Amino acid sequence: MGVSTSSPEKGAAPGSAGSASDGIALVTVDFPPVNALPVSGWFALADAVRAAGRDPGTRCVVLAAEGRGFNAGVDIKEIQERGPGALVGANRGCFEAFAAVYECEVPVVAAVQGFCLGGGVGLVGNADVVVASEDAVFGLPELDRGALGAATHLARLVPQHLLRALYYTSRTVTARELRTHGSVWRVVPRDELRAAALELAGEIAAKDGELLRLAKAAINGIDPVDVRRSYRFEQGFTYEASVAGVADRVRDTFGRKGEEGDPGE
């Protein structure tokens, strides 16, 4: 359980930054039952992605997850149990993890299966390329969880008016729908997801490593939206909702409608 980095060809110890001869680093998240990450998990993920990108032998990072779904966001129960300290920690951890993916020195391919909710959208929205399984769904159930945020990242996946509809309703959108908008590169059967992501990563990693790093910096440099600043702006409203008591009122209803471990699909 936790965050591990390995070579897709030669296994590496969990937490190592190992690089493969083909230049691919595989960063895998595993927090059962639904990959709702605790505060420490977000910071561990940020550290793993940054370390993989700094490795001179790495030319592409694949971000993947074990289990039912890619990511169910933050661990709401941790926030309920620990209070404001956990909320601040989760916000800071998400900020660092999202930024680590965006600022990774090499391209990041996200391999998404099942649910990709809340913080999962933050990770995927900041990735360079998305490969998804046929059962993948994406959404921001923030308004149902007493929080705000990651609209910055959903806006990188869907058009503006669809973003607003999804945000206000907490509905999800499928991988196939995202592919029609050009934000998902390929949709494959679930058992082919990892291979498809690694295949694309291999094609990217075949390029010159120094030129790839320059290309990543150049593309980020012409991005019309400063994702760090805009997401930080959104987080301010999460704090406001918390101080006003709105967040607790909504968050206290979390999980009552679904079964234990239900990520809120």
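Two residues are in contact here when they have heavy atoms within 4.5 Å of each other. With that rule, Val27 touches Val3, Ser4, Thr5, Leu45, Ala48, Val49, Ala52, Val61, Val62, Leu63 and Ala64, leaving out residues up to four places away in sequence. This is a predicted model, in which local features need pLDDT of at least 70 and side-chain atom pairs count only at pLDDT 80 or more, while totals for chains, interfaces and linings use all residues. Residues are numbered from 1 along each chain as its sequence is written, and side-chain values use heavy atoms, with hydrogens and water left out.

**The chain as a whole**

- The chain holds 11 helices and nine strands; helices (H or I, at least four residues) and strands (E, at least two) are DSSP runs, numbered from the N terminus.
- The radius of gyration is 17 Å, which agrees with the value near 18 Å that a compact globule of 265 residues would have. That radius is taken over C-alpha atoms, and the globule rule is 2.2 Å times the number of residues to the power 0.38.
- Taken along the principal axes, the C-alpha atoms fill a box of roughly 50 × 40 × 35 Å.
- Of the 265 residues, 51% are buried; buried means under 20% relative accessible area, exposed over 50%, and partly exposed in between (1.4 Å probe, protein chains only).
- Among contacts between residues at least 6 apart in sequence, 74% join residues at least 24 apart.

**Surface and charge**

- The accessible surface comes to about 12100 Å², and 54% of that surface belongs to carbon and sulfur atoms. Accessible areas come from the Shrake-Rupley method with a 1.4 Å probe, and for residues only the protein chains shown count as cover.
- There are 27 positive and 34 negative side chains, and the centres of the two sets lie 3 Å apart.
- For that tally, Lys and Arg count as positive and Asp and Glu as negative, while His and the chain ends are not counted. The place of a charge is taken as NZ of Lys, CZ of Arg, CG of Asp or CD of Glu.

**Val27 in strand β2**

- Val27 sits in strand β2, which covers residues 24–30.
- Its relative accessibility is 0%, so Val27 counts as buried.
- Val108 is 81 residues away from Val27 along the chain, and the C-alpha atoms of the two are separated by 10.0 Å.

- The peptide bond from Pro32 to Pro33 is cis, with omega near 5°.
- Pro33 belongs to the loop between β2 and α1, the helix of residues 39–54.
- Asn35 lies in the loop between β2 and α1, and its phi is near 55°, a positive value in a residue other than glycine.
- Asn35 is buried, with a relative accessible area of 3%.

- Asn91 is found in helix α3 (residues 84–103) and is buried at 9% relative accessible area.
- Setting aside neighbours within four places in sequence, Asn91 is in contact with Gln235, Thr238 and Tyr239.
- The C-alpha atoms of Asn91 and Gln235 are separated by 7.2 Å, although the two residues are 144 apart along the chain.
- His153 lies in helix α5 (residues 151–154) and counts as buried, with 1% relative accessibility.
- Not counting residues up to four places away in sequence, His153 touches Phe98, Val121, Gly122, Gly125, Asn126 and Tyr231.

**Cysteines**

- A disulfide is a pair of cysteine sulfur atoms within 2.5 Å, and by this rule the count comes to zero.
- The closest cysteine sulfur to that of Cys94 is in Cys116, 12 Å away, so the two are too far apart for a bond.
- Cys94 is buried, with a relative accessible area of 4%.
- Cys116 is buried too, with a relative accessible area of 0%.

- Ser170 is not a glycine, yet it has a positive phi of about 65°.
- The place of Ser170 is the loop between α6 (160–169) and β8 (172–174), and at 12% relative accessibility Ser170 counts as buried.
- Glu192 is in the loop between β9 (186–188) and α8 (193–205).
- Glu192 is partly exposed, with a relative accessible area of 40%.
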